[in-house]
Amino acid sequence: MLNAILSSLSHPEEEIRETASRADATLRKLLQDSQDAQFEMHTLLHALSGHLGSQDVPTLVASLHWVHMLLRKSAPRVMQLSQQIWPALFGCIKNASGEVVRLDIEALARMAPNQLHFTPLIEHLLQLFKDERALLEDRGALIVRQLCELLDPRNVFETLAGGLQHEDDLEFASQMVQTLNLILLTSQEAMELRMMLKQPADGAAFFQTIYPAWSHNPVSLLSLCLLTQAFEHAAELVVQFAQFEMTLPFLVQIDKLVQLIESPIFTHVRLKLLEPEQHPSLIKALCGILMLLPQAPAFHTLKHRLASVPEIGLLRLQLQQGKGRIVEAASSGATQIDFKALIRTYQAVQDKHQKSMLRLHQSRRTNAS
């Protein structure tokens, strides 16, 4: 009956679709009110898995509503057979319908009640993004944001970062981190994470957890350090950027970072410029970014921002430099972080990227000859 009903929901004849819709609601209500022992979960999930591969949105939506109902009614039984339906649910993520994707992500989130089930879910998702780069570009941010809305956002980010930390496909790791960083900096779903990072005493552990993954994308890592007010480390990173060749994608990311610095997200950082003598490393980091930029609009935007730094503060900074008494205003929580170890982590990750690029260049040269 379920197979016939779900197929008929996408029938060309309106009368058949309406009849199938009424039958679907009745059958779902009947099963919802029944005892668990009165139906075979395996048989139901097998039928639903087949229809979750349909290209017809009405059939897909109804099938996902069935999955939701079964999870509400008997989540433990569904979870015992989760491997049976997971491939079909992950296939739905690629559907063009926003409603299908929303219902699908919600079903997957319901199937990750604890870390035991959550980690495999994230691993499947990362592999899907790795295999389907177009999906990552078109839907990646939406999918991660929905997961953060339905689940603990810190757990989502830390588990994703853990999966990316030792990723062999370095280009994918960099692209994925760039997507995650934009979500972290701008999305409503990640607001509590931003607030935590702005208070280093609270965000130190989270900062250190995601740092190795963020090392795959230097500009994302720099923006994370600015958000966290780790200005000395940010200045050191900018100097490290000179160790590798500037590419066009890198400069485009720097350009976007300048735009973000001018946004409300970094208001707390811009206000630190009122006291340059207290935050000389911030001045150094921003001046370093300025030197990396070509003389395009982003260059002039940042130059004008730095020109607005109070002259009296710069004078005090010069006097302190002359007397050798510069004291950086340390943010609470900074002493909990071993920045020397972190910079070694960054260097090791970037060394892998450089070697990968060199091998690629040598391979192309060999093929050309």
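Axes here are lines fitted to C-alpha atoms, for helices over the stretch in contact, and angles run from 0 to 180 degrees between N-to-C directions. Helices are DSSP runs (H or I, at least four residues), numbered from the N terminus.

The model is predicted: local features need pLDDT of at least 70, side-chain atom pairs count only at pLDDT 80 or more, and totals for chains, interfaces and linings use all residues. Residues are numbered from 1 along each chain as its sequence is written, and side-chain values use heavy atoms, with hydrogens and water left out.

## Helix pairs

Two packed helices are described by the angle between their axes and the distance between the axes.

| Pair | Angle between axes | Distance between axes |
|---|---|---|
| α15 and α17 (residues 280-292) | about 135 degrees | 10 Å |
| α9 (residues 153-165) and α10 (residues 170-186) | roughly 165 degrees | within 11 Å |
| α7 (residues 115-131) and α8 | roughly 155 degrees | within 8 Å |

Angles under 35 degrees count as roughly parallel, over 145 as roughly antiparallel, 65 to 115 as roughly perpendicular and the rest as oblique.

Take α15 and α17. They are therefore oblique to each other. Their crossing is left-handed (the near helix is turned anticlockwise from the far one by less than a right angle). Leu251, Ile254, Leu257, Val258 and Ile261 of α15 touch Leu286, Ile289 and Leu292 of α17. Contact means heavy atoms within 4.5 Å. This contact of α15 with α17 has eight nonpolar residues, no polar and no charged. Ala, Val, Leu, Ile, Met, Phe, Trp, Tyr, Cys and Pro count as nonpolar, Asp, Glu, Lys and Arg as charged, and the others, Gly among them, as polar.

Next come α9 and α10, which pass in a left-handed crossing. From α9, Phe157, Leu160 and Leu164 take part; their partners in α10 include Phe172, Met176 and Leu180. The contact of α9 with α10 has 10 nonpolar residues, with no polar and no charged ones.

Among the contact residues are Lys130 and Asp131 of α7, and Arg133 and Gly140 of α8. By class, the contact of α7 with α8 has nine nonpolar, one polar and three charged residues.

## The largest pocket

A pocket is an open set of points on a 1 Å grid over the protein atoms alone, where a 1.4 Å probe fits, with protein on both sides within 12 Å along at least five of seven lines; lining residues have an atom within 4 Å of a point.

The largest pocket holds about 1300 Å³ of space. Its volume is the space filled by probe spheres set on the points, which are joined across faces, edges and corners. Of its 40 lining residues, Ser174, Gln178, Asn217, Pro249 and Gln253 are the closest to its centre. α10 gives the most to the lining, with nine residues. The lining divides into 16 nonpolar, 17 polar and seven charged residues.

Terms used. Helix = DSSP H or I, 4+ residues; strand = E, 2+ residues; numbered from the N terminus.
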